[in-house]
Amino acid sequence: MPSKQPRIAALTVSVWAFFVLGGFLAAWHGSSLPQGRAQEPRPGPTKLYFGVSACVDCHGKGTRLEDPLCRCTEVSIWEEKDKHKDAYKVLSEPLAQRMGELLKIDVLKDKSCVSCHGVVIQDESQRHRSFKESDGVSCVVCHGPYREWVGPHGLETERDMWRQLTRKEKEERYGMTDLWDPFKRAQLCLSCHVGNAAEGKVITHDMYAAGHPPLPSFELATFSEEMPRHWQLLGEKSQKVKALLQATADDTRFERTQLLLVSGALAHGSTLRLLEAEAVEARWPEFARLDCYACHHDLQSPGWRQDRKVQGKPGRAPLASWPMPLHKLGERLTLTREPDPGLTALRTELDRVPFGKASNLREPARKSAERSEALARTLAARKLTTADVLALLHELCRIAIEDGPDYDSARQIAWSFAIVHGELLADAQRGGQVPEAVLRNQDQVQRVLEELKTGLRLKLPSGKESITGQLDANLKTLYRYDPARFRAAFAQLKAALPPAGR
Amino acid sequence: MPRGEYGAWVSHDKHANAFAVLFDPRSQRIQRNRGVSVPAHEDSLCLKCHVSQDYERERGQPGLELADGVHCEACHGPAAGWLSTHYLPSWRTISDDAKAVLGFRPLKDLTVRANTCAECHVGSNRTGTDVNHDLIAAGHPRLNFEFANYLANYPRHWSLTAEKQRHPDFEARAWLIGQLVSARQALDLLAWRAEQASQNKAPWPEFAEYDCYACHRSLKGLADRPVTLVPGRMTGKPAWNAWYLALVPHSPGENVERRDTVRKLMSNLAADEKQVAEAARVCSKDLQTLLQQIDARPLRPDQVRELLQRVTASPPEEAVANWDSAAQHYLAATALYQALGDLGMPKQERVSLRQALEALRQTLTFPKGHDGPVGGFDPTRAAPPYQQLRLQLHP
């Protein structure tokens, strides 16, 4: 067996390495190992779904290495605090079981559920013996279900080789997903948190009506913090590790803001990609592709909905509005001024006849999605400056005050302001040049953000808090949402900013 | 005949104010939301109900005073042929048909009266009067017409005593005729809407055909109310028209599948408009047949009681599954309760039925500032009073 050689080598190095190896060997024994050495991988990695038990031996015990690529506490954090671990388990709970009865499906097996709540293995030969359904959204879902990288990335004998590889090589040749690329990370997270038709991750109105909690709006930088993160930000890592990950100081100054911008643009794109895929005559109208709250509101008069700027034709269901503010934010930063013909055509069609005609929706949805994806790539490559970040804060205030956002959009805006403003202050602490007003008014801003946090329930049911347990309070907050108060809060935030630079 | 008709109408009747409301801020907002530049008081879509269902014919004629709103001739018919004779003793000797030839609408006939009201209060394929979802979304109130209860609340400019002398079963008869006429009118309107939509002249699906509160409910109460399946209905799909057909009986010998055909077609939002139009027309004819079969002889107390038992026969999970059906059950029971009262119901029973009805009514009202139930209609609140009513009538 080719693995014997490294095993003997490892034993002679240290007791610590023995444990590392023990884990890997245990993991590897479940499948036939690739022939040949890891340095000469076959073209393109081989799909193989490992279970968490294959990772826990190293990633659950901490490390004494200097400059570790990771802290080896990842599985512990994930197991103790992260909901993704429970994603499959919740399918056994009464709400999910009831959904199964109504939809006449086995929620523990049906692809429409498991695609997001766990792992769907198409080909049984790709199931490693360590794999367990009950692991939920486990390591391989995000980091890459491929055989080749799992071995070398931790083996002492191969680690040096591994560390010399670029992120691109690790991904393309070994199958380890490059999650440091904000575009890829956002795409991955959005594939469940918005949906991805090609991967079978599609939430439908039937699923909602049967009881699935409403998918909330999604802001990646905030959601990542709340998982909670089991990784360090690039900026928190040592110079040496930064270099290994090809990250410069410019990349790390405003990395969360960048993530926010990229995922903001891509959320819009993912929403429209999903619409494009679902706009087929046999399934259309699929209500879940449109704005939930266009219909799901009480008939209240007077009410803030009636005081809004007229948005499209009354009585027609529009696109979900929550991805718009952050998409706009990206356009503002890249000084995109050309109108979006795809989006305009899409809105016109949805206004023309109720739900539009499926065949008239696909093309404009695709065009607008492509544009968002291009925007996301541009934003992912951008080196953000202090001026950029200040402009973003101003733009968030403008959107909040002028656009009359609904509850989900308001949360996107408030989350974003907190992230961007926080990073600006952190940058100042590291010696970055920040206008004096930002420092002077930081307590005031903090106070308003705290108010927003309570008023809008910005704190996610993170960690092990139950989503269904908080559903009632969340829906009631949505119900009580008052855009006038939101606008007033942002007027205060705007007043606390230095004057807009451009 | 009392001479105060005009006085009663002008001072108490909303119809007299129907044109004036077109100048209200609400009317202005509706037009603005619709993206229409014509003001409401000049828009024939509005005037067809707010002045006269025959506005298209009447417009421009000398003597038409828009400010009168829904004026005498709007209901009684164009008066040129009978104005100078209808108060003469000889008028009473003329048959209804002969009067109709002169343009006079014999509103004493409850079917004629219900038809007249329904043209505006339900909508009309004949005149293209349609409060559709576009208009409602722009700010117009939803229409949900129930003839007997509208009449009961109407500030009459005629004698109720005379009416009840003509029809001792008046309340029950008005209810029955009103149900059939409204449902037929609604089906005709559906056929018209579908037909128009097939020519791209009207929106489709037409949401005014569906249960408003199935969609228009905040999700506030979602977490503490389990999802329940209404028999025959998929979750997540809108349900068709509980209002007009919740209680309408089938005629003897009618193929009951016909109404199910419409229901099935309408539960598919992508249904072919022409098929819908055809199926709706067939059902409408069935109802017209049933309407013509209504016996001219007054209903006896035992027949009214039987009717009341029939409208409370369904179990709560069907009867009060949604607001529209629950409200129709309440309104039916109220009208028939009144009829039984007129025909001599024992006082003790009257008191207990009234209590049950009032308890049911309270579960159906909307809070101030709302045009629908908050957080969706809750059938579990309406079920106990309905069940109480049912048990009293089915000992």
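User: Why is Gln246(A) called partly exposed?

Analyst: Buried means under 20% relative accessible area, exposed means over 50%, and partly exposed is in between (1.4 Å probe, protein chains only). Gln246(A) has a relative accessible area of 37%, so it counts as partly exposed. Keep in mind that this is a predicted model, in which local features need pLDDT of at least 70, side-chain atom pairs count only at pLDDT 80 or more, and totals for chains, interfaces and linings use all residues. Residues are numbered from 1 along each chain as its sequence is written, chains are lettered from A and ligands numbered from 1 in the order in which they are written, and side-chain values use heavy atoms, leaving out hydrogens and water.

User: What is the phi of Gln246(A), and where is this residue found?

Analyst: Its phi is positive, about 55°, although Gln246(A) is not a glycine. Most residues other than glycine have a negative phi. Gln246(A) sits in the loop between α14 (239-244) and α15 (249-253) of chain A. Helices are DSSP runs (H or I, at least four residues), numbered from the N terminus.

User: What makes Leu335(A) partly exposed?

Analyst: Its relative accessibility is 45%, so Leu335(A) counts as partly exposed too. Leu335(A) also has a positive phi, near 55°, and lies in the loop between α19 (323-333) and α20 (341-352) of chain A.

Notes. Helices (H or I, at least four residues) and strands (E, at least two) are DSSP runs, numbered from the N terminus.
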